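Please read the points below beside the sequence and the coordinates. They are arranged from the whole chain down to single residues.

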Amino acid sequence: MEKGRKVVVSALQFSCADDVSTNVATAERLVRAAHAKGANIILIQELFEGYYFCQAQREDYFQRAKPYKGHPTILRMQKLAKELGVVIPVSFFEEANNAHYNSVAVVDADGTDLGLYRKSHIPDGPGYQEKFYFNPGDTGFKVFQTKFATIGIAICWDQWFPEAARAMVLQGAEILFYPTAIGSEPQDQGLDSRDHWKRVMQGHAGANLVPLVASNRIGKEIIETEHGKSEITFYGNSFIAGPTGEIISAADDKEEALLLAEFDLDKIKSKRKGWGVFRDRRPELYKVLLTLDGNSPTV
């Protein structure tokens, strides 16, 4: 039998009701199904407890936020993770005194809460008005040493920034995970970003020689906004990419899905070392990345 540190990862995809108990029950059903198929680390989509409320700027939606400690969905997923022996990153709307964050708690296979990542890049555009609700994350990019692998977690809009992926892999991330909520653009029904979205993350996987897991929701969600109704059709297309950016498993834009892929982390580590992209880095030449305009340092 071939030796190696092997891990089975899974991405879940489902449509959300605007009801916490229904969505958490769906997530648990799919986590159990993924475990039954051999999954070790199981990714649930972004803000899965309800509709993606950021289509509107409504003060009443702040009532959906809850503190990190004692959060009922995190506690339920801790119990589930311990029962099944799986790792579950849990996305939630966090209230921290007067601050609010789009956050993920990482639950290890024994039910231990390994800590928190808060979304760093906060979008603000038609249909995706997250700056109204979320403070910019203050955790920095982090990795989490789970039972099965050292993993990096970033959230949705973070996935468009190669700096985030590189920062996590530099810290030892062996697999990158991106819970997501993305779909149509309310201001332009002809704009379809799905292929662009996938290609960018495939690039992160290939540039860093690590597998990557992306989980997105499906379904049409209609939100009453201050200017009338707004709707987004979420395009799913959740996928798992291998360490050269190749698509290993992918979902469509309409059906509930449970994706699986197995990776030999030791074999990938050897390939990553041999390819030389981390050996040949020149950090002293990258100071321009610490600027906004390419000239003036910001730190």
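The numbered points that follow take up confidence, overall form and then a few individual residues.

1. The structure is a predicted model, and its confidence should be read before anything else. The mean pLDDT of the protein chain is 96, with 98% of the residues reaching 70 or more. Among the elements, strand β6 (residues 124-125) has the lowest mean pLDDT, at 94, while strand β2 (residues 41-43) has the highest, at 99.

2. Overall form. The protein chain contains 5 helices and 16 strands. Its radius of gyration is 19 Å, close to the 19 Å that the globule rule gives for 299 residues, so the chain is as compact as a globular protein of that length.

3. Packing and surface. Of the 299 residues, 52% count as buried, and among contacts with a separation of 6 or more, 69% are between residues 24 or more positions apart. The accessible surface of the protein chain comes to about 13500 Å², and carbon and sulfur atoms account for 51% of that area. As for charge, the chain carries 35 positive and 39 negative charges, whose mean positions are 7 Å apart.

4. Two residues with positive phi. Most residues other than glycine have a negative phi. Asn97, although not a glycine, has a positive phi of about 55°, and it is found in the loop between β3 (88-96) and β4 (99-107). Cys156, likewise not a glycine, has a positive phi of about 45° and is found in the loop between β9 (150-153) and α3 (162-170). Which of the two descriptions, buried or exposed, applies to Asn97, and which to Cys156? Asn97 counts as exposed because its relative accessibility is 74%, over the 50% cut-off, whereas Cys156 counts as buried because its relative accessibility is 7%, under the 20% cut-off.

5. Phe48. This residue lies in the loop between β2 and α2, and with a relative accessibility of 0% Phe48 counts as buried. Leaving aside neighbours within four places in sequence, Phe48 is in contact with Phe14, Cys16, Asn23, Val24, Ala27, Thr73, Val90, Ser91 and Arg217. The C-alpha atoms of Phe48 and Ser15, which are 33 residues apart along the chain, are separated by 8.9 Å.

6. Gln78. Gln78 is placed in helix α2 (residues 72-84), and at 18% relative accessibility Gln78 counts as buried, since the cut-off is under 20%. Not counting residues up to four places away in sequence, Gln78 touches Val107, Gly111, Thr112 and Asp113.

7. Arg272. Beyond neighbours within four places in sequence, Arg272 is in contact with Asn208, Leu209, Val210 and Phe278. The C-alpha atoms of Arg272 and Ser10 are separated by 22 Å, the two residues being 262 residues apart along the chain.

Key
Residues numbered from 1 in each chain as written. Predicted model: local features only at pLDDT ≥ 70, side-chain atom pairs only at ≥ 80, totals over all residues. Heavy atoms only, no water. Helix = DSSP H or I, 4+ residues; strand = E, 2+ residues; numbered from the N terminus. Rg over C-alpha atoms; globule rule 2.2 N^0.38 Å. Buried < 20%, exposed > 50% of the residue type's maximum accessible area, 1.4 Å probe, protein only. Contact = heavy atoms within 4.5 Å. Areas by Shrake-Rupley, 256 points an atom, 1.4 Å probe, with all protein chains shown as cover. Lys, Arg positive; Asp, Glu negative; His and termini not counted. Charge placed at Lys NZ, Arg CZ, Asp CG, Glu CD. pLDDT = per-residue confidence, 0-100.
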